[in-house]
Amino acid sequence: MHTVTLEKLPDGIAGTRRTLDRMAAAVRGEIPPEFRGWRHETIRRTALDLVRGLPARDHRGELERLFEFVRDRIEYRLDPLDTERVQDPVATLELGAGDCDDKVVLLAALAGSLGHLSRFVAQSSDGHTFDHVYLETDAGRGWVALDPTADGHGGVVRAAPGWRNPTRSEWIYQIW
């Protein structure tokens, strides 16, 4: 059973901050009643299955495999009308779908289960409202952008690690 809580979000950056707080809590496994974050066995098992066969300590290869899985195998679907829904990462795996924040939460949890630090990067085209979020992960040589919603469908570019959606402004949100 999945529990969904609804709350009215504040407008502007305060609402964005609240959403990012909930996203980080989902990655860390702090959302009741299931508490299914990066330490959850399903997340760890999925991450290990995805990187099977790579050489030990191939951190860049691990992150690329995780990224490609979320980008290519988790369908992009909008939240319900007039709702900002943040799914825990196991729910996104089970549903096989989610919007940008759900895909980023899953990717951060998978990366975290293999020991990789990540952070969210929120984007705004007007400097006031949250339009998009992607993940940056430290691959051992600095932060690498990972945008798993850029999947090549519906006229969207098919992104590789390092690609960033052009925007007016960005701000970084630390998960850990």
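This is a short walk through a predicted model, stop by stop, for you to follow in your viewer.

**First stop: a loop with two prolines**

Select Pro32 and Pro33. The peptide bond that joins them is cis, with omega at about 0°. Pro33 sits in the loop between helix H1, residues 12-28, and helix H2.

Now select Phe35, which is also placed in the loop between H1 and H2. Phe35 is not a glycine, yet its phi is positive, at about 55°. Color it by accessibility if you like: Phe35 has a relative accessible area of 45%, so it counts as partly exposed, the class between 20% and 50%.

Select residues 41-51 for helix H2 and residues 59-73 for helix H3. How far apart are their axes? The axes of H2 and H3 lie 9 Å apart, and the helices pack at an angle of about 110°. That angle falls in the range from 65 to 115 degrees, so H2 and H3 are roughly perpendicular to each other. The crossing in which H2 passes H3 is right-handed.

Between H2 and H3 there is a loop, and Arg57 lies in it. Select Arg57: its phi is positive, near 65°, in a residue other than glycine. Is Arg57 buried or exposed? Arg57 is exposed, since its relative accessible area of 70% is over 50%.

**Last stop: a patch on the surface**

Select Leu117, Trp143 and Trp176 together. These residues form a nonpolar patch on the surface, and their accessible area together is about 300 Å². With a relative accessible area of 33%, Trp143 is partly exposed.

Conventions: Residues numbered from 1 in each chain as written. Predicted model: local features only at pLDDT ≥ 70, side-chain atom pairs only at ≥ 80, totals over all residues. Heavy atoms only, no water. Patch = residues over 30% accessible without salt bridge, like charges linked within 9 Å, V, L, I, M, F, W, Y side chains within 5 Å. Areas by Shrake-Rupley, 256 points an atom, 1.4 Å probe, with all protein chains shown as cover. Salt bridge = Lys/Arg side-chain N within 4 Å of Asp/Glu carboxyl O. Buried < 20%, exposed > 50% of the residue type's maximum accessible area, 1.4 Å probe, protein only. Axes fitted to C-alpha atoms, helices over the stretch in contact; angles between N-to-C directions. Helix = DSSP H or I, 4+ residues; strand = E, 2+ residues; numbered from the N terminus. Parallel < 35°, antiparallel > 145°, perpendicular 65-115°, else oblique. Left-handed = near helix turned anticlockwise from the far one by under 90°.
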